[in-house]
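The sequence and the structure are shown first.

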Amino acid sequence: MNTPVSIHPQGDIAIVTLDNPPVNAISAAVRKALWQAVEDIDADPTLRAAILICQGRTFIAGADVREFGQTPEPPHLPDLVDHLEAARVPWIAAIHGSALGGGFEIAMGCRFRVAVPQAKIGLPEVTLGIIPGASGTVRTPRLAGVEVAVDLVTSGKPMAASKAREAGLIDAVIEGDLEAGAIAFAKAALAKPLPAPISARPVAKMDDAFWEAKRKLAAKPGHRAPLEALAALRRATELPFDAAMAAERESFLALRTSDEAAALRAVFFAERAAPRPDALRDVTPRKLAQVGVVGGGTMGAGIAAALRSAGLPVVLIERDDHALARGIDTLAKTFAGAIKRGKLTEQARDALMEGVTGATDYAALSECDLVIEAVFEELSVKRQVFENLIAHCRRDAILATNTSYIDPREIFAGLPGAERFIGLHFFSPAQIMKLLEIVPLPDTAPDVLATGFALAKQLNKIPVRAGICEGFIGNRILKRYRAEAETLVRRGVPIAQVDAAMRGYGFRMGPFEAQDLGGLDIAYLQREGARAAGQDVPETLGDILVGAGRKGQKTGGGWYDYTEGDRTPQPSARVAELLAPHIAKDAPGLEDVQIAAQLIAAMAAEGEAILTEGIADKASDIDLVEIHGYGFPRWKGGPMFASGKHR
Ligand code: 3H9
C-alpha cells in the first residue's frame, strides 16, 4: 500500500520523509501514517532520534483545507502533536519551504526545529477564518513568549527563518544540505540533556492593558477569527495546558463551520484557480525579457515599479525631458516609500533604478517584448501613442493599454497586428494593488492572453479576464454600487450612515468617503463625456456637488467638509442644503445591516449581469476583483459569495 510517510534509518537516527504533493498538507492519511511512524520508531531500540523532513517544494503547509467541510477523522491533529512530543525519541523538524498552520504545530510537537535560510514559519489560520486548532495558540507562547505568539497568530503573516530563529521559534538555521545539517544537529543535541517538551514549559501571564492593546490592533469589523485567536492566546496564559487545549479545540471547531471560514476558504481556492483559466491550459506564454511603459505619471511609474520589482528591465517613455524627469522622480519616490516601510534596502533600490532606461524617443522601445501604455485617459492621446508604437516596436511585440474606461477596440481600431493587442488594467498604486484585469480584444492571440496571465504571476498579482464593456468588471460594479448608495441618500438615509454601515460591514471606507478621497470629478467628467456623445445620463447627486465646486478632499469638500490638513469627514450643512430638494422627507429609517445588504445586493446583481454577458468567466473572479481592487472585506468572500451567487 502507498503510504505518504517512509522511514530510513541512518545509524541511530531515523529519517522520516513525508511525501504528499503538492504541499504536504496533513490529510487524514498523513495523520495516520505519522502516528504509525512514531510507534514504529519508538519500538526500535536501535533508534535514538527522528528527523521529519518533506519531499517536494515545501515542509507541511498545514491541515488539508479541502477536508474542512467534512467530519474530522481520527487521529486528530492535536493528538498527533501530543503523540510526537511524548515519543520515546526526540523528533527534529527539518523545514524547507513553509511550515504553516498545522505544519508548524507538528514542528512544535517535535523537540527541535531547524530550517533552511529561505524557509518561512507561520500560523496563517486567521486568514482562513479559523484559529490554530492543534496547539498553535497554546504551545507558541510557551515556545517563544506571548508577544511573538500574539503577532504570529493574530496577523497570520509568515516569518522568515532568520527572524524565527531570533524569536526562538526555531533552534537553528541550516546552510547547505538540510538533511545532512539536521543529522549533525541531532547528533550534537543527543550529546546534551534534552530541553523540556514545549507543553511542560512555563508561560508568562500578561495584564489587562496588554490584552486590551492587542485587541485594538487585531479587531476588524465583522472578522471574528483574529479576536477569537487572541482570546485563545489569553486563555493559554491563564489556564493549565490541557484546559487551554480543550478550549482552543472548541473554538477552532466552531469557527471551522462559520460563514467567515467558508468565505475565506472560497477566496483561497479562487486565488489559486485564477492564474490558470481552462481556456489557456495548453497555451505557452511568450517570454518577456524587456518591457516598455509609456507614461510616467502615478500609474505608469507604479507599473514600472511593479515590473522592476519582478526583475524585468524597463524602458520608460515620456513625451519630453521635463515629463521624463518627473516620471523617473515619481518612480524613485515609489521605491522610497518601500524603503520607508522597511520593504526595500537602499542598495536594492539602486539596483532597481539601474534597470530603468528613460527615453523620450520611441526608438528606445525597439527591443521590448511588451509595451504597456499608461497615458492620459483620452482616446486621441492613446491612439497617437499606439501609432508611435506600431512605427517603432518589433512586429511581434505585445502592445497593451491600461485604459480603465475606453473601449480598447476603439483604441486599436485600424492598427496593424490585431493579434498582439490586449488590455492590461492595473489598479493604483500599481506597485501595491494585487488586481490585474486582463482584457482580450476579439483578435488577441491565445499566447498573448496567456502572456498577460504569466506576467500577472511574475508580478505577484491576481489576474482576472474581463470582457469589453464600460468599466470592465470592477469599475462597472463600482458605478452600480455608487448609484445604489445615492439611491439610499435620495430615500433619506444620511450620507454618514451609509458610510458607517459599509465600514461596519468591513470596508475601510464607505462609498462617499472613498469618492471624497479619490475626487468626484473623474466620474463626473465621464458622465459629461457620455452626455456630450448623446447618451441619456440622468443627473446624479455627485453632479450637483461638482457643479457647486465640491470635488472632494482636494477642494476642501465633497460629500463632507474637511478642515485644512485634516482628512476627517465632517457632515456638511452646505451639502444638506444643495441636496435637500432631491431627498425624500419623512422616509422610514434603515438599519446599518439593511443598508449594507442593499448595497451588496446591488453589486451582486451587476455581477450576475456581467456573468450573463460573458464579461467575467466565473462568479469567483468577480469576487477577486472586488477584494483585490476595491477593498471588499476578504472575510465576506466578495459580493457574489456574500449573496449566495457563488458557483
Ligand atoms: C491549519 O493548518 C489548521 C490547523 O491549525 C489545525 C487543524 C486541526 N490544504 O499556493 P500554491 C494546494 S489551516 C490543501 O499555488 P505555492 C493549493 O490549492 C491551514 N491544499 O503553491 C494548490 O492546489 P492546486 C494553514 C492546499 O508554492 C497547491 O496546493 N495553512 C493547501 O505558491 C499549490 O498551492 C495555510 O493556510 C492546504 N493547506 O505556495 C497554508 N495549501 O495546484 C496555505 C496549498 O490544485 N498554503 N494547497 O491549485 C500556502 O500558503 C501556499 O500553498 C504555500 C505554497 C506557501 C504553502
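## Annotated domains and local features

UniProt, in an unreviewed entry, places the feature "domain: 3-hydroxyacyl-CoA dehydrogenase C-terminal" at residues 471-562. UniProt positions are given in the numbering used here, feature names are shortened, and annotations may be inferred rather than shown by experiment. Residues are numbered from 1 along each chain as its sequence is written. The model is predicted: local features need pLDDT of at least 70, side-chain atom pairs count only at pLDDT 80 or more, and totals for chains, interfaces and linings use all residues.

Residues 471-562 are 60% helix and 0% strand, and the end C-alpha atoms of this span lie 30 Å apart. Helices (H or I, at least four residues) and strands (E, at least two) are DSSP runs, numbered from the N terminus. For residues 290-466, UniProt lists "domain: 3-hydroxyacyl-CoA dehydrogenase NAD binding", also from an unreviewed entry. That span is 41% helix and 20% strand, with its end C-alpha atoms 25 Å apart.

The ligand has 25 residues around it, of which A61, G62, G101, G102 and G133 come nearest; a residue is near a molecule if its C-beta atom, placed from the backbone, lies within 6 Å of it. β5 (98-100) and α3 (102-109) are the elements that give two or more residues to this shell. By residue class, the shell holds 12 nonpolar, 7 polar and 6 charged residues. Here Ala, Val, Leu, Ile, Met, Phe, Trp, Tyr, Cys and Pro count as nonpolar, Asp, Glu, Lys and Arg as charged, and the others, Gly among them, as polar.

**The sheet containing β5.** β5 belongs to an open sheet of 3 strands in the order β5-β7-β8, with mixed pairing; two strands pair if DSSP finds at least two bridges between them. β5 and β8 (159-160) stand at the edges with a single partner strand each, so one side of each has no neighbour in the sheet. The pairing of β5 with β7 (residues 120-122) is parallel over 3 bridges, and A99 stands opposite I121.

**Nonpolar core.** The largest nonpolar core has 187 residues, and I92 and V371 touch the most other members. Such a core is a set of buried Ala, Val, Leu, Ile, Met, Phe, Trp, Tyr and Cys residues joined through C-beta atoms within 7 Å. Helix α24 (residues 592-612) gives the largest share, 8 residues. Strand β13 (residues 370-373) pairs with β14 in the parallel sense over 4 bridges, and L399 in β14 is the bridge partner of V371. From β14 (residues 398-401), I398 and A400 point one way and L399 and T401 the other, and all are buried.

A residue is buried if 20 or more other C-beta atoms, placed from the backbone, lie within 10 Å of its own, exposed if 12 or fewer, and partly exposed in between.

| Residue | Phi | C-beta neighbours inside 10 Å |
|---|---|---|
| S135 | near 95° | 28 neighbours, buried |
| D586 | about 55° | 5 neighbours, exposed |

S135 is in the loop between β7 and α4 (136-144), whereas D586 is in the loop between α23 (573-579) and α24. A cis peptide bond joins P21 and P22, with omega about 0°. Another cis peptide bond joins P74 and P75, with omega about -5°.
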